[in-house]
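Here is a short report on a two-chain model. Please keep the structure open while reading.

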Amino acid sequence: MTARLPLSMALALFALAALGGGGAAAQAGAPDVDALSDRLDTMWTSSASIARIELTVARPTGTRTLRMRVWTHGNQRALVVVEAPERERGTATLRRDRSLWTYLPRVARTMRIPPSMMLSSWMGSDFTNDDLTQSAQYRSDFVGTVVGRSDAPAGWLIRYVAREGVVGLWRRVEFVVNDDATLPLVARYFDRRDRVARVMTFDEVRPVDGRTIPTRLVLQPTDHPDQHTELHYLDIDFDASVPESTFSLTELERGR
Amino acid sequence: MLDATTLRIAWRNLGRNKRRMALAVFAIALAQLAVLWTDGLMNGWIDSTVHALTGPMLGHVQVHAPRWENEHAIEQTVDHVDERLAALRALPGVEHASARIYTPALVARDTDARAAMIIGLDVSGESTSGLLEGVPRDQLPSGHGVLVGATFARQLGLSVGDELVVLGQSVDGSIANDLFTVSGILRTPVEEVDRRGVVMALAAAQETFAMPDRANELTLRAHDASSADALAARVAALDGFDGLDVQSYRELAPELTEFVDMAGAYGLIVLALVMIAAAAGVANTMLMATFERRRELGMMLAIGASPARMVRMVIAEAVVTGLVGVTVGTLLGALLVFWQSRNGVDIAALGGSSSGSELAMYGVAVAGELHPWLRFSDVALGFVGVTLVSILAALWPALHTARLEPVQAMRS
């Protein structure tokens, strides 16, 4: 059929399809989803970065704060070392690709976290070990579409649906991003039963080493309204010199 | 109501056809024997199941923080453990009370970690009755020595003397980690403990997970398992226990309770079936006996025996037959149950398996032998049942006898 279509008509159809791209994208000023995905995937990292973060875990029984230093190479390598409090100082987590190791200075041992524990809490927070390995990349593992405008908060509602065959915790993640699609405001994570399992809010936007990014991430698990975790970026050096050897077991176990 | 003469006549009548009588008595005896045998097995089976579940793991009554039942989070603790245990031990009917800590943790011998369940418990208490029953003294956890479930140990390639790193989360949310030494391998019917359990002394767990004088569970053992519900009520009424969840094993394991209740109903069904068979036997015997004696019965009526007396006589014959049968059955049944109790019955064989495989309930393998026993009520129910059934079954032949026309009856 298509082969017999006059060329002009085929071109016209092609143009229509490209313009349409889904009903919502027809709206004026709709954001470029691919650009947004790239931005989300690399918002707090670079090819070599060093960051200082503060992790505050709020529980009904009390709140505790950990200060940590984070070395990264893109999304595949990360080393997180606890600097404070004193009791947990030196506890380190190394992520290489999909593997995770923890160094325990108290007993001077390194432990590899088994895959079965990827969904368990990381350092007692609402983040999971899986979050740390950031195995999901919005660009490659999800299909993003612009759903339309959002009211609370005001911005664009972008829906990410996991690509077929991608193993991951989230079937669907919905972001609300600001008008020019440069900053995430809220992310809602839907579990396999399509219920909101947790909500992440992004705020305290400020310039950090040449990038303007949210520096406070608050993670709220839906089934535990009385607890949450805050991740605060104190500073990030996006042009750091981080040798590959940083992400080795010997370096992990080196006394700090 | 029943005068001696009637009874004597009835007794003499029984001897008329000895073979028929013996058959009736035998049938009823067999019925009672079947009832006692199933009752005995059922009692033993319930006992061993309840014991298998409550012995190592459940206890008879448990005390938890309110949300523990659904969430099992380490920070859901019971505080002032020592004080509370003292109060519990002072309660009448309490044989033993101890505290436990349960928390998930990562455990590694080398680098590769595995998910484990840490159980901190009162070692001396649980080695006499509880999870550590049967563990050799020198292997019991103490200090930083831990027992590891047999399957878990096999999977990790652990043996006695190996060092273990434990990584978990303290009650305050901080990282808990420490080194332990395997003091022994724990063989237990509790599947969870066998597959993932690392058992340490309560004090070691309290220290590692920063929970001094706190625990996740208080477990009570009652002198008598059947008083668990009443004991739970008494515990809940104790000072300072009002904010806590207090449950008996009957509430903790509702399916077990249901199963036990169902077993009771099943016993009644067996009793009913057997009684119907007994009724048929008695009715048949009495019908035969009365039809055969029409002439004689007619004669008795003719010489002045009242119809009511005839009814009493026939019923007395039936009841005596029934009681003799049930007595013989009780003797045989009691002997059988006593013999089985002495020798034990293999549970697996009872379940129709010859390979000696185990039956599991609540992740606890129920294995070994059961020891049947009888209640007085099991025996009494047979006596009462057979007596009632004999009377009912004899009513028709008795009334038939009472309505006989003496002259016609004698002529036949």
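## A run of paired strands in chain A

Strand 7 (residues 142–150) and strand 8 (residues 155–162) of chain A pair in the antiparallel sense, over eight bridges. Strands here are DSSP runs of E of at least two residues, helices are runs of H or I of at least four, and both are numbered from the N terminus. Two strands pair if DSSP finds at least two bridges between them. Val146(A) stands opposite Ile158(A) of strand 8 of chain A. A hairpin of four residues joins strand 7 of chain A to strand 8 of chain A.

Strand 8 of chain A also pairs with strand 9 (residues 172–177) of chain A. The sense is antiparallel, with six bridges. Here Val161(A) has Arg172(A), in strand 9 of chain A, as its bridge partner. In a regular strand the side chains alternate between the two faces of the sheet.

## Basis of the model

The model is predicted: local features need pLDDT of at least 70 and side-chain atom pairs count only at pLDDT 80 or more, while totals for chains, interfaces and linings use all residues. Residues are numbered from 1 along each chain as its sequence is written, and chains are lettered from A and ligands numbered from 1 in the order in which they are written.

## Loops of chain A

The loop between strand 7 and strand 8 of chain A holds Pro153(A). The peptide bond from Ala152(A) to Pro153(A) is cis, with omega near -5°. A cis bond also runs from Ala84(A) to Pro85(A), with omega near 5°. Pro85(A) sits in the loop between strand 3 (77–84) and strand 4 (92–96) of chain A.

Ala181(A) lies in the loop between strand 9 and strand 10 (184–190) of chain A. Its phi is positive, near 55°, in a residue other than glycine. Ala181(A) counts as buried because it has 21 C-beta neighbours inside 10 Å. The cut-offs are 20 or more other C-beta atoms within 10 Å for buried, 12 or fewer for exposed, and in between for partly exposed, with C-beta atoms placed from the backbone.

## Chain A overall

Chain A has five helices and 13 strands. Of its 256 residues, 29% count as buried. Two residues are in contact if their C-beta atoms, placed from the backbone, lie within 7 Å. Among contacts in chain A with a separation of 6 or more, 43% join residues 24 or more positions apart.

The average pLDDT of chain A is 83, and 87% of the residues score at least 70. pLDDT is the predictor's confidence in each residue, from 0 to 100. Residues 1–5 of chain A fall below 50, with two contacts beyond near neighbours in sequence. Residues 13–26 of chain A stay under 50 as well, and the model gives them nine contacts beyond four places in sequence. Where pLDDT is low, the predicted coordinates should not be read in detail.

## Chain B overall

Chain B has 16 helices and 13 strands. Its radius of gyration is 31 Å, well over the 22 Å that the globule rule gives for 412 residues, so chain B is more spread out than a compact globule. The radius is taken over C-alpha atoms, and the rule is 2.2 Å times the number of residues to the power 0.38. Along the principal axes, the C-alpha atoms of chain B fill a box of roughly 105 × 50 × 30 Å.

Buried residues make up 43% of the 412 residues in chain B. Of the contacts in chain B between residues at least 6 apart in sequence, 80% join residues at least 24 apart.

## Local features of chain B

Helix 13 (residues 307–343) of chain B has 37 residues. At 1.5 Å a residue it should span 54 Å, and its end C-alpha atoms are 54 Å apart, which agrees. The expected span is 1.5 Å times one less than the number of residues. Gly344(B) follows helix 13 of chain B, with a positive phi near 80°.

Leu53(B) is in helix 2 (residues 18–58) of chain B. Leu53(B) is buried, with 22 C-beta neighbours inside 10 Å. Ala210(B) lies in the loop between helix 8 (202–208) and strand 8 (217–222) of chain B. Its phi is positive, near 50°. Ala210(B) counts as partly exposed, with 16 C-beta neighbours inside 10 Å.

## Where the chains meet

Contacts link 18 residues of chain B with 22 residues of chain A. On the chain B side, the elements giving two or more residues are strand 2 (94–108), strand 3 (113–121), strand 5 (163–169) and strand 6 (175–186) of chain B. Strand 6 of chain B gives the largest share, four residues.

By class, this side of chain B has eight nonpolar, five polar and five charged residues. Nonpolar covers Ala, Val, Leu, Ile, Met, Phe, Trp, Tyr, Cys and Pro; charged covers Asp, Glu, Lys and Arg; the others, Gly among them, are polar.
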